[in-house]
Amino acid sequence: MLGFLMDADRDALARYLDGDEKAFEELVVRYEASVRRVASGIVHDHALAEDIAQETFLTAYEKAGSYRGDGTVRSWLMSIAVRRALDELRRRSRQAAIPLTELNEPTGTPHSPLEASWELRRALALLTADSRAALVLREIEGSTYREIADALRWPMGTVATKLHRARMELRCVLAETKDAVPKN
Amino acid sequence: MQCLKTDSRLSAWMDGELEPGAASDVAAHVEACAECADFVDACRSVPLPDVEPDPGFIVRFREARSARTSEPLAGYLTCLKWKKLAFGLVPLAAAMLVAAILVVSSTDGDAIQQIELEALGDPVALEAGAESVLTIAIEPFPDELP
């Protein structure tokens, strides 16, 4: 299935480069949720994640010729999204801390998936942007270490170290959050 | 093996990124170490947030793409493409011009040189040459044009 998608992606990109405008839209439809997911996981702001995702596809649309073909089209898109998201955070000087007030408290019942998601988002917000990016790419997108290294421009050996540290931090923060948030 | 809770090999193993030999070592350790097993369970049970596909995204993308391509910059880029094409033809045109000049100048040079040689060496030949040129010059036009 993945192999088929990889071929389909390359085929769509090749057709677009040959002048078929609609071929690029196949990639947009296929990966818009993934790109928004990654962007949202890094910046923790749905509106900003939407802007980043749009910019990601516009950049890919304009610079499709720069795709060298040494990775998958998907990881190429992800790397554009991750860099844009990290740039945006740096530009807004929000890398160190995302205001937790931006994460609206859920109205669902305790221990619901909604609450779990909120706790997790709150915990993720306390990690550094790089750690969040690595974790989101790995856990949500299932990216390989090679893809993460490419997207974040890290050496391969750094990926395991940073991911492990991020997981330990996340686990600590989640444990603290569970202790701190009173249950109804 | 020491506890791997703080060792990145544990994450690499969870992610299937270890070589088979190292992976079986870590797997054996996780089975024996309660702390590592807890860590692995905790990591695997984290429900990371998901994002649903949005059918409106492609519509917004088309709008953003149209807005961007209709900007003045796009017109400039189109113009730039034509300029690039025109600039691409400049070397060809220059080469053709140089070739033409060379052909003309070499032909003229030969003729002048020939006349000079003839003038210096053989006045009779020069006279004959001049006469033939004069004959051509005063030859009347044909009655019927082809």
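pLDDT is the predictor's confidence in each residue, from 0 to 100.

View 1. The mean pLDDT of chain A is 80, and 78% of the residues score at least 70. Among the elements of chain A, H3(A) has the highest confidence, at 94, whereas H5(A) has the lowest, at a mean of 64.

**View 2. Residues 99-115 of chain A, where pLDDT stays under 50.** For this segment the model has 19 contacts beyond four places in sequence. Where pLDDT is low, the predicted coordinates should not be read in detail.

**View 3. The contact between chain A and chain B.** Chain A contributes 29 residues and chain B contributes 25 residues. On the side of chain A that touches chain B, at least two residues come from each of helix H2 (21-43), helix H3 (46-62), helix H5 (113-125), helix H6 (129-140) and helix H8 (156-180). By class, this side of chain A comprises 15 nonpolar, five polar and nine charged residues. Two of the contributing helices, H3(A) and H5(A), are those with the highest and the lowest confidence in chain A, respectively.

**View 4. Packing of H6(A) against helix H7 (residues 145-152) of chain A.** The helix axes lie 10 Å apart at an angle of about 145°, and the crossing is right-handed. H6(A) takes part through A:Asp130, A:Ala133, A:Ala134, A:Leu137 and A:Arg138, while H7(A) supplies A:Glu147, A:Ile148, A:Ala151 and A:Leu152. Six nonpolar and three charged residues make up this contact of H6(A) with H7(A), with no polar residues. H6(A) also supplies at least two residues of the side of chain A that touches chain B.

Notes. Residues are numbered from 1 along each chain as its sequence is written. Chains are lettered from A and ligands numbered from 1 in the order in which they are written. This is a predicted model: local features need pLDDT of at least 70, side-chain atom pairs count only at pLDDT 80 or more; totals for chains, interfaces and linings use all residues. Two residues are in contact if their C-beta atoms, placed from the backbone, lie within 7 Å. Helices (H or I, at least four residues) and strands (E, at least two) are DSSP runs, numbered from the N terminus. Ala, Val, Leu, Ile, Met, Phe, Trp, Tyr, Cys and Pro count as nonpolar, Asp, Glu, Lys and Arg as charged, and the others, Gly among them, as polar. Axes are lines fitted to C-alpha atoms, for helices over the stretch in contact, and angles run from 0 to 180 degrees between N-to-C directions. A crossing is left-handed if the near helix is turned anticlockwise from the far one by less than a right angle, and right-handed if clockwise.
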